[in-house]
Amino acid sequence: MTLMDLIHKRLSENPAIRDSLTCFAGVPGVFTPEAPADTAKGWWMSSHYPRIVFAADLSANEERKCQGNMVLSIYAENTGEFDFNSAVSQVIECLCGVLLTPEGKNPYVLAWNRTDGFALEGTNIAGQELQFDILEYPSQETTDPDPVDGVNAYLKELFPRSLVLWQDRFRETEELSGNCPVFYCRLETLREDAERSTFAVAWMDCRLSIHIFCTDSNLRRKYSSAVCQRLAIDGEICMLDNSPFLIGEVSQDQSSDYLRVGQVKVSGRFGILRQTEKKKRIREIQMDYRN
């Protein structure tokens, strides 16, 4: 399934949302990128409202640090019978507490941004427009020695019941409201420490961010504190090639956006063995023996 398919499925299968909508061709009135024409046969004798229409733009938005944006509109007749506030809350709860992984694609999370009311001029139709940021979490895998892979394995060993992005296998839809969080480690910076590097070893300084995905703020706080304290105690992580990642500094920021920034920052260094110097062969030497 594509990302749009997963969003459509989640909305149309949610009982609270599904039961409040009209039907088209026997299925809940959730449409993308636009609703069928009012004369379409699928409407039969049913009302055209309430219904949901959503569309996404997956072009990167550097200003908000997101992969794309989605606009979702809830339409209903403005008779006072439809509870717009409840519908908005149900949609946000349905879409924002879940990790969506389309087939063959990176995982995504939707983050609610704002809601605006509107009315269709010349009709009795009103609605609410919800804007979401689409956040993507691509693989951070590089080459050995890889500090991200090392931290992923370390987190999995530390919390065996948790899920680690790009370490565990994920379902298409993974709830973020359970007792075990989802971890995501991201490489922020990587540079050589030229002053420390030697003939045999190139020392690399790097900075990592660890995201703890969980809708429960208390649980996020507990896990981020536990990760921060354990890293400080251990002082190093064994990477997958058995070389050490030496931890220099660990910090925690509970006020940071856990979807965009991450709560735990880790800085440290690791060494890369230089290749043995190639010896130059002496060629074409001419010798003149004279008495």
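Helix H4 (residues 147–158) lies across E9, strand E11 (182–192), E12, E13, strand E14 (244–252) and E15, at about 45° to E12. Helix H5 (residues 217–234) lies across E11, E12, E13, E14 and E15, and runs at about 135° to E14. Contact here means heavy atoms within 4.5 Å. Axes are lines fitted to C-alpha atoms, for helices over the stretch in contact, and angles run from 0 to 180 degrees between N-to-C directions. Helices (H or I, at least four residues) and strands (E, at least two) are DSSP runs, numbered from the N terminus.

The model is predicted: local features need pLDDT of at least 70, side-chain atom pairs count only at pLDDT 80 or more, and totals for chains, interfaces and linings use all residues. Residues are numbered from 1 along each chain as its sequence is written, and side-chain values use heavy atoms, with hydrogens and water left out.

## The sheet

The sheet is open and has six strands. Their order is E9-E11-E12-E15-E14-E13, with mixed pairing. Strands E9 (163–164) and E13 (236–238) stand at the edges with a single partner strand each, so one side of each has no neighbour in the sheet. Two strands pair if DSSP finds at least two bridges between them.

Strand E12 (residues 201–213) and strand E15 (residues 264–273) run antiparallel, joined by ten bridges. Asp205 stands opposite Arg269 in E15.

## Aromatic pairs

The count is twelve aromatic pairs. Rings of Phe, Tyr and Trp (its six-membered ring) pair if their centres lie within 6.5 Å; planes under 30 degrees apart count as stacked, over 60 as edge-to-face and the rest as tilted. Phe31 and Trp43 have ring centres 5.8 Å apart and planes at 65°, so this pair is edge-to-face. Phe31 lies in strand E3 (residues 30–31) and Trp43 in the loop between E3 and strand E4 (51–57), so the pair ties together parts twelve residues apart in sequence. Both Phe31 and Trp43 are buried (under 20% relative accessible area; exposed is over 50%, partly exposed in between, with a 1.4 Å probe and protein chains only).

Tyr137 and Tyr184 also pair edge-to-face, at 5.2 Å centre to centre and 75° between the planes. Tyr137 lies in the loop between strand E8 (125–136) and H4, and Tyr184 in strand E11, so the pair ties together parts 47 residues apart in sequence. Tyr137 is buried at 3% relative accessible area, and Tyr184 is buried at 2%. Tyr137, Tyr184, Phe213 and Tyr258 form one aromatic cluster.
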